[in-house]
Structure formats: C-alpha cells, structure tokens
Amino acid sequence: PKDVGILAMDMYFPKRCISEEDLEVFDGVPKGKYTIGLGQSYMAFADDREDINSIALTVVSSLLKRYNIDPKSIGRLEVGTETIIDKSKSVKTVLMDLFESSGNHDIEGLDSKNACYGSTAALFNAVNWIESRSWDGRNAIVFSGDIAVYAEARPARRRRRCLRAPHRSRRAHPIHGTYMANVYDFYKPKLASEYPVVDGPLSISTYITAIDGAYSAYRAKIAAASKALSKGANGDAKGKTSDPKAVFSLDDVDYPVYHSPYGKQVQKGHARMLFNDYLSAPHKPEFASVPAEFLDLPYAATLSDKAVEKTFMGITKADYAKRVGPSMRCAARCGNMYTASLYGGLTSVVSVVEPKELLGKRISMYAYGSGCASSFFTLRVKGDTSAIREKMDLLSRLEAVKVVPCEEFVAGLKLREENHNAAPYTPVGSVENVWPGAYYLESIDSMNRRKYAIA
Ligand code: ACO
C-alpha cells in the first residue's frame, strides 16, 4: 500500500486527577515549582483497581466499539508499555480476550518495551508489517499505555501516573531519524517495585542529545532522498546554506509533537530543534538576535549552556504556543503518560485543531525513551479528521476528569505500592473511581491469575 497511516484513535485516562498547584502546597515546596518550574497543571492517577491490562482492555474495546470495527478485520495488535506486571506473559495476550468471541486468533504482534519509546517501536512494527510481504490485507491496532509513578522521595514532584492511546495505521512518512545509545538515565532494575531509578539531570541532557541525534539523522536522510530525486542537484533546495541538512527545518512542520515527561521539557525540546536549524542556517533573519559566539561553542557545552537554552526558548515562545500548544492538552490534564505521551499529543492535535485547518498539514513526532531510544518522524494529514475527533470526544472527557484533594492521590498510590504484585489479592479501591464502562481489576488468585470486570 502507498499510504500507510492512522484511520482511528482513542484515548483513555483515569477518572481522577490532582492540581499541581495544590500539590505544591501539599508537598510544602515553593510556589511555582511544579506549575512554572516543570510546566505542569494537573496529574491524573489510578489506584489498585486499574493496572496495565485493565487500561489496555478498556481502550482497545472502546476503539473497536466507537469505530464499529469488525474484530476479524484486525491482523496485527502491537503493545508498547514499560509497565511490567509479568516477566513472561504479554499484555497483548490479555487483549486476545476481546477477539475470542469473533474466533479471530490469527493476530500477530506482542509487547515492545523500552521506557517511553515502546509505543513508537510498536507503531513502526505495525507500519512495517503493512508495508511488508507478510501483510495479509488486514488492519493493525497499536495500544500504548503505562502506569507512570515515581517514588515519594524523588526530589522533584512525587509520582505521576498513567494512560495510553491506541490507534490503527495509515499515512506515516517512511523516513525515520533514530538515535539510540546505552545510558543509565531512567531505568527500572528493581523488579519488585513500580518505581524507576532516575538520574534527573542525565535524563534531561539525554533527551536533548537524542533530539539532536534523531533530528539530524532525519534531516540527513531527507536531504539524501531529495538529492537522489533531483539527480545529484544541490541538496540545499531552499538555497539558504551549504549544510545539506537545511533542506528540512521546523518551517516544514505545521504541528510538532514531542514526548512530554512534563511541559517544560517540551518547551526546551522545541527550542533545541530550532537551535539545530540555527546551526545549519545561522543567517536566516529569525536568528538575527542570536549571539554569534554560539556557533563556536563545543557541542558538549551547548547541552548545558543556559544562555543557549534561554535564547532559543525566547525565540520560540510565541511559536510554541501556536504550533506545539495544541498537542499538550492531554499532558496538561494527565501529566506524564510514559509510552502514551507522544500519542496523547497526537490525539490532542486532532482534537484541538479544526479538521479543515488540519487537512494537508504535516505533524512531526519526537519519541524519546530513556535508556535510551529515540526517533523523529513525520505524518501527513491526508483525510478528514472530523470523525476521529467526534468519536474520541477527548476535550470534554478531559474536562470531566475530577480534581480531587492530594490526600486521595497519596492514598491511591499507597494502595498500589503496598500491594504491587500481591497474590492472592482483592483490590480495595472503590469501583466508583473507575469510569463507567471501563475494565477494572476484580481479583488476583493464588496463582497470580488476574480477573477483570467492567464498571
Ligand atoms: N518557581 C518557578 N520555577 C522554579 C521554582 C519555583 N518555585 N523552583 C524551581 N524552578 C525551576 C528551576 O529554575 C528550573 O528551571 P529551568 O528548567 O529553566 O532550569 C526548573 O524549575 C527545574 O528545577 P530543578 O530544581 O532542576 O527541579 P528538580 O530538582 O525538581 O529536578 C527533574 C527536575 C530532574 C526533571 C526531576 O523532576 C526529575 O528527575 N524528573 C524525572 C525524570 C524526567 O522527567 N526526565 C525528563 C526526560 S526523561 C523521561 O522522559 C522520563
């Protein structure tokens, strides 16, 4: 097939959230630390009634229902998650319950794991399958989701939590720029705990290093492809610089979407993209105010140079609000979503931007997973997004998430922490706190088999 892309999307998040402003008071940290310093507004959370399987069951069944999808029309189901409740049995196998009554057991795909990147690995798997000789003509579903929690003792905020965004394929651009390396910035070596081990400053510099690497790789490939197309003509199609990578810049993107651990990191990421554009074409008028000495800084210094960061955050401030702002709606209400974060950004763009305005536009995607794995790629909107927007009903559902006191958040996470992987176990969290129609964990038996019910 020529155009492989996304036909449908859905999004699920917990029913309760806390306000980061309240959390600043509750945690006794200086005002503005979470809201301004990290750029966070709200954070959704789940207690012991929801786990990665229940979330996956909820949103994949909702996707099938909302779009009236015949379960037999699915030939691949991929999962991206870093929420591990079983070292062998995949979340994908649990999702096969949703296909049981249709008799469709011929569904390829399993779980992909690497911090927040699993969703993108899963998406690439689905797209590659459709483009391959193994494709049997059916559609693929990609589910990505997580329970994102941090231990209470972390210096920044406490814990953030969960969700996911699944979708099927159509319309991805085949060129990806990828950057992967062996880094201990955020990892989960404690198998008995849900919490990560985090080197905060390293995770921030790695996110930025990976943007540079993935974006450069993407631009170099685009330049090579356009050079090949123009049969060896000068790759600098815009005639702005001698750097062949300048053939592609942020100007070519209408809506950039970034993996969002928290809002401020996305602002910094967007600014860093522009810094990359500046290095390839420093004489563009928009860079007139940039101190010329930035060009002489050694690469490693630019990663931590506050002047570089502040200058480009200043230049991109209005642009960020206009082009990146639409992608931040889910993150603003739900906080960090790990693997679902980037795709929560995509569902936000589709929900915020009018379908007529979005038609024909290019969306860029920056996927980052600590450890580290990252990719930059783009999507072109080729169809009317009205149906996806209406069926998802995302903005009003986000509005409906109930803001509760921080004590409820702490109690919910305490339940998770104390009973993580307990068996036999019957969750004690109230089913009232699960959206009607969503799956929840009913019980775990003495052989660790999990049973789910619908609220
Ligand atoms: N009012 C306004 N701003 C404030 C306030 C305040 N009261 N207090 C601090 N700030 C600002 C700081 O000036 C700083 O601004 P800057 O980013 O422009 O320099 C910012 O808030 C962060 O302040 P820090 O003191 O560095 O914050 P902290 O010690 O909480 O650490 C960190 C931040 C490292 C991101 C921490 O939250 C963390 O470890 N998070 C988990 C890892 C993570 O999310 N990494 C990101 C990429 S990796 C991934 O996706 C998992």
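pLDDT is the predictor's confidence in each residue, from 0 to 100. The structure is a predicted model, in which local features need pLDDT of at least 70 and side-chain atom pairs count only at pLDDT 80 or more, while totals for chains, interfaces and linings use all residues. Residues are numbered from 1 along each chain as its sequence is written.

**Exercise 1. State the confidence of the protein model, and locate stretches where the pLDDT is below 50.**

Step 1. The protein has a mean pLDDT of 92, with 93% of its residues at 70 or more.

Step 2. Residues 153–170 have a pLDDT below 50, yet this stretch has 91 contacts in the model beyond near neighbours in sequence. Two residues are in contact if their C-beta atoms, placed from the backbone, lie within 7 Å.

Step 3. Residues 232–240 also stay under 50, and the model has 18 contacts for them beyond four places in sequence.

Step 4. For the complex, the predictor gives an ipTM of 0.96 and a pTM of 0.94.

**Exercise 2. Determine whether the radius of gyration of the protein agrees with that of a compact globule.**

Step 1. The radius of gyration is taken over C-alpha atoms, and the globule rule is 2.2 Å times the number of residues to the power 0.38.

Step 2. For 455 residues the rule gives a value near 23 Å; the protein has 22 Å, which agrees.

Step 3. The C-alpha trace spans about 65 × 55 × 40 Å along its principal axes.

Step 4. Of the 455 residues, 46% are buried, that is, 20 or more other C-beta atoms, placed from the backbone, lie within 10 Å of their own.

**Exercise 3. Describe the open sheet that contains β11, and the helices that lie across β11 and β12.**

Step 1. Helices (H or I, at least four residues) and strands (E, at least two) are DSSP runs, numbered from the N terminus. The protein has 16 helices and 16 strands.

Step 2. The sheet has four strands in the order β8-β13-β12-β11, with mixed pairing; two strands pair if DSSP finds at least two bridges between them.

Step 3. β8 (177–180) and β11 (255–258) are the edge strands, each pairing on one side only.

Step 4. β11 runs parallel to β12 (residues 362–369), joined by four bridges. Tyr258 stands opposite Tyr366 in β12.

Step 5. Across β11 and β12 lies helix α8 (residues 263–280), at about 125° to β11. Helix α12 (residues 341–352) also lies across these two strands, at about 150° to β11. Axes are lines fitted to C-alpha atoms, for helices over the stretch in contact, and angles run from 0 to 180 degrees between N-to-C directions.

Key:
A residue is buried if 20 or more other C-beta atoms lie within 10 Å of its own, exposed if 12 or fewer, and partly exposed in between; C-beta atoms are placed from the backbone.
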